[in-house]
Amino acid sequence: MNTVATLWGQGDQLDVLQMSVRAVVMYFVALVLIRLGGMRIFGKKSAFDTIIVIMMGAVLARVIVGASPFKGTVAAASVMVAINKALAWMSLKSSTVNRLVKGKPLLLYDAGEIKWENMNKACLSKTDLMESLRLETLKGSLTDVAQAYMETNGRISFILKPE
């Protein structure tokens, strides 16, 4: 028991070895929590999923530096993963919950016209729209585009006109 206490340390006066041991343990705790939460947390890259990643990192890091107790911190991170999973499931079942949690796509361009009101809502310039057009479609002009949307994950998608 003394060896564990020596390796784990106590409080916030930890040495390099103790913080390293804590980092290894928290790495595996985080891995388990991410597996329980599902790969969607990293796959979708929406604001909804980014929140859980940032918060989990912030909360779990507190154990490494000795600022928070291990059990309480792991419990808090587990609750966050459970809430994320529950909201994802509710979003799947309810379009209203889905819209509230994730938002909805914003039409930026339609039928040859840039929707400036929506571009302003998204804080995008024409330069931003054109950059995304080049990156996503390898085209330099909107003439081949039927519609463009700001998706809920922050990317701009383009629907090309039929050829």
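This is a predicted model: local features need pLDDT of at least 70, side-chain atom pairs count only at pLDDT 80 or more; totals for chains, interfaces and linings use all residues.
The helices α2 and α4 form one of the pairs considered here, with α2 spanning residues 16-37 and α4 spanning residues 47-64. Their axes lie 8 Å apart and the two helices pack at an angle of about 150°, and because angles over 145 degrees count as roughly antiparallel, α2 and α4 are described as roughly antiparallel to each other. The crossing of these two helices is right-handed. On the side of α2, the residues that take part are Met19, Arg22, Ala23, Met26, Val29, Ala30, Leu33 and Ile34, and these meet Met56, Leu60, Val63 and Ile64 of α4.

Helix α5 covers residues 70-93 and helix α6 covers residues 95-102, and their axes come within 5 Å and cross at roughly 130°. That angle makes α5 oblique to α6, and the crossing of the two is left-handed. The contact is built from Leu87, Met90, Ser91 and Lys93 on α5, together with Ser95, Val97, Asn98, Val101 and Lys102 on α6. The residues of this contact divide into four nonpolar, three polar and two charged. Methionine 90, which has its place in helix α5, has a relative accessibility of 35% and therefore counts as partly exposed. Methionine 90 and valine 101 are 11 residues apart in sequence, and their C-alpha atoms are 9.6 Å apart in space.

When residues up to four places away in sequence are not counted, threonine 137 touches Ser132, Phe158 and Leu160.

Glutamine 147 belongs to strand β3, which runs over residues 145-150. With its neighbours within four places in sequence left aside, glutamine 147 is in contact with Leu107, Tyr109, Asp110, Ser157, Phe158 and Ile159. The side chains of glutamine 147 and aspartate 110 are joined by a polar contact of 3.1 Å. Glutamine 147 and isoleucine 114 are 33 residues apart along the chain, and their C-alpha atoms are separated by 9.3 Å.

Backbone angles were also examined. Most residues other than glycine have a negative phi. Cysteine 123, by contrast, has a positive phi near 55° although it is a residue other than glycine, and it is found in the loop between α7, residues 116-121, and α8. Cysteine 123 is exposed, with a relative accessible area of 65%. Leucine 138 likewise is not a glycine and has a positive phi, of about 65°. The place of leucine 138 is in the loop between α8 and β3, and leucine 138 is exposed, with a relative accessible area of 76%.

Technical notes
Residues are numbered from 1 along each chain as its sequence is written. Side-chain values use heavy atoms; hydrogens and water are left out. Axes are lines fitted to C-alpha atoms, for helices over the stretch in contact, and angles run from 0 to 180 degrees between N-to-C directions. Helices (H or I, at least four residues) and strands (E, at least two) are DSSP runs, numbered from the N terminus. Angles under 35 degrees count as roughly parallel, over 145 as roughly antiparallel, 65 to 115 as roughly perpendicular and the rest as oblique. A crossing is left-handed if the near helix is turned anticlockwise from the far one by less than a right angle, and right-handed if clockwise. Contact means heavy atoms within 4.5 Å. Ala, Val, Leu, Ile, Met, Phe, Trp, Tyr, Cys and Pro count as nonpolar, Asp, Glu, Lys and Arg as charged, and the others, Gly among them, as polar. Buried means under 20% relative accessible area, exposed over 50%, partly exposed in between (1.4 Å probe, protein chains only). A polar contact is a pair of N or O atoms within 3.5 Å; within protein, one must be able to donate a hydrogen and the other to accept it, and residues adjacent in sequence count only if both atoms are side-chain atoms.
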